[in-house]
Every structure is written in C-alpha cells, then in structure tokens.
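Please work through the exercises below with the sequence and the structure side by side. Try each task before reading its solution.

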Amino acid sequence: MVDIVNILARLSLLFQKADLSYAQLPKLVKDTVASISKVPTHLGPTLREFRRKVGEDGQFHGIELDGPVMENCVIDSVATRLQECISNRFDVAHNEPQVAAMAKIIDFKLWPIVEEEDFGNEELALLVDYHGIMLQNCGNPGMVEVEWAGIRSSIYNHFKPVHTTTLDQVNNRFREDGPNLLFLVGLLLTIPSHSVECERGFSQMKRIKTDLMNRLSSSTLTSLLRIFLESPRESEFDPFDPYPLLEQQCQTSTPPLSTVIWQQAAAHQWGH
C-alpha cells in the first residue's frame, strides 16, 4: 500500500504547485490513474524491497511474520476502487468540458505532431461561448476563431517540434496578429486550479501579523504578504537586479550610488 500512497502523495504535491495551470489537471489525473492501475501486476519499489528483506525464512529484521499474507486480489480491489474514485472526482471531460477544451488549446504537449485542419476548432468554440461576456467587454469574440486558424498554422511553421513550444514564445511572436485569441488564452491562465495560494496567504499572514505586530496597517500588511508570496525563493533571489532602477531614482535627489557602494551595501545587508 505504501507504493499507492506514494503515487497519491505525488499527485497531492503537484496539485499544490503555485504555477499549476487549470489545463494541466486532466493529464495529471490520467497519469495518476495509469500508475495506480499498474500496481497489482507490477510490484512497486517499496513492496519489492520488503519482500527482499523478508526472505524465505519469513523474518523481517529478526522478527518472524506470522500474520495473514495480503492476497493480490486485495491489492487489485484497492487499486480498482481508487481508480474509480479519482476518475469520478476529477471527471473533467464530463463535469467541466471547458477545462478539457482549455487543456487541448493551451497545452502544446497535447497538440498533434502534424497539423490537423480541424484541430481545436470545437474546443475553441466552446471556450468562446463560455467566456463570451468577458470577451465582449475586453475584445472581439468574433475574431477569436478567425485568428486561431492563422496562428495555429504559424505555430507549426515557426516552432518545431510543436511540443516544445511555450506560451511566452507564442505571445511574443504573434501578439499583434492574434490579440483576441491571446486575450482568451491569458484569461484562461488566470483561472485558479486550486485554493492552495489562499491557504498559504492566511498562513503567512498569521506569521506576519502576530500579537506583537497587531498594529500593522492594511497597506503594509498587503505589501509584506506580496513580498513573501510572490518573491522568488532565496536560492533564486538576486539583490543586484534593482540597482539600475535605484540609480535612476537617486538621480533626482542625491548623487547616484556607484556599483561598488551598492554591492558593498547589499553584501553587508544579506551577509554575502
């Protein structure tokens, strides 16, 4: 059972990623169900290691195991039940067809290797109808499907293989050619796939606004939360990135800081 728990733990951790897109959910669920389906016929690493240590004498670390042996039919029953539960709980294609349509449009790993004439047409029509109000307020919904045909062909022509394409590349290259289509894509990417970020926000707020810091203003608390939640990790943080902006701001009041002085100050501040 540990091997099954490891599969479920991996799915749980992936669901908690801050950059998880709603369009990625169908593939994650499909991969998880496929991994669980292999457990009854392919022994997992934990079970293999356990059987290796038990050996023929039936002892595990000097302790004789005399309990009932779990039959394969029990493992098969548990795995089958888990597959059904996960599939029913995350039946995106049936419960939320717009999510499956979104995945097919914006996840290039799901695109066919060779361009197909009708690929994505039905899914895009579903998304245009579903988000029609937002598109009317901020764009021209009638042009989305027109732009789709041209940009889809251009993507296949400019980016090969298509599975390695990123949305940033498409947005930079075709921003002027498909503003309405890319607006829809941007709208889809803003849909949260989970509530983990909200829970992280409340946890972080409790750490910041303690009993000793209960007089923090709303604006200060908001700024601190943004720093803690949206700033890069310590291993990725570069204190020298803001130097050009600081130097530009200092020119209006005081002489600009030299690079050496700023580096010395940063080294002293962050202990580098």
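**The chain as a whole**

Of the 272 residues in the chain, 29% are buried. The model is a predicted one, and its chain has 15 helices and two strands. Among the contacts with a separation of 6 or more, residues 24 or more positions apart account for 62%.

**Exercise 1**

Task: Determine how the axes of helix H10 and helix H11 are arranged, and which residues of the two helices meet.

Solution, step by step:

1. Two packed helices are described by the angle between their axes and the distance between the axes.
2. Helix H10 covers residues 167-174 and helix H11 covers residues 179-189, and their axes come within 11 Å and cross at roughly 150°.
3. Angles over 145 degrees count as roughly antiparallel, and H10 and H11 are therefore roughly antiparallel to each other.
4. The crossing in which H10 passes H11 is left-handed.
5. On the side of H10, the residues that take part are Leu167, Val170, Asn171 and Phe174, and they meet Leu182, Val185 and Leu189 of H11.

**Exercise 2**

Task: Classify the aromatic pair that Trp111 and Trp148 form, and state which parts of the chain the pair ties together.

Solution, step by step:

1. Rings pair if their centres lie within 6.5 Å, and by this rule the count comes to six aromatic pairs.
2. For Trp111 and Trp148, the distance is 5.6 Å centre to centre, with 75° between the planes, and the pair is edge-to-face.
3. Trp111 lies in the loop between helix H6 (97-106) and helix H7 (121-130), while Trp148 lies in helix H9 (residues 141-158), so the pair ties together parts that are 37 residues apart in sequence.
4. Residues under 20% relative accessible area count as buried; Trp111, with a relative accessible area of 3%, is therefore buried, and Trp148, with 4%, is buried as well.

**Exercise 3**

Solution, step by step:

1. Because Phe159 lies in the loop between H9 and H10 and Phe174 in helix H10, the pair ties together parts that are 15 residues apart in sequence.

**Exercise 4**

Task: Find which residues ring pairs link into a cluster.

Solution: The cluster linked by ring pairs consists of Phe108, Trp111, Phe119, Trp148 and Tyr156.

Notes:
Residues numbered from 1 in each chain as written. Predicted model: local features only at pLDDT ≥ 70, side-chain atom pairs only at ≥ 80, totals over all residues. Heavy atoms only, no water. Axes fitted to C-alpha atoms, helices over the stretch in contact; angles between N-to-C directions. Helix = DSSP H or I, 4+ residues; strand = E, 2+ residues; numbered from the N terminus. Parallel < 35°, antiparallel > 145°, perpendicular 65-115°, else oblique. Left-handed = near helix turned anticlockwise from the far one by under 90°. Contact = heavy atoms within 4.5 Å. Phe/Tyr/Trp six-rings, centres within 6.5 Å; stacked < 30°, edge-to-face > 60°. Buried < 20%, exposed > 50% of the residue type's maximum accessible area, 1.4 Å probe, protein only.
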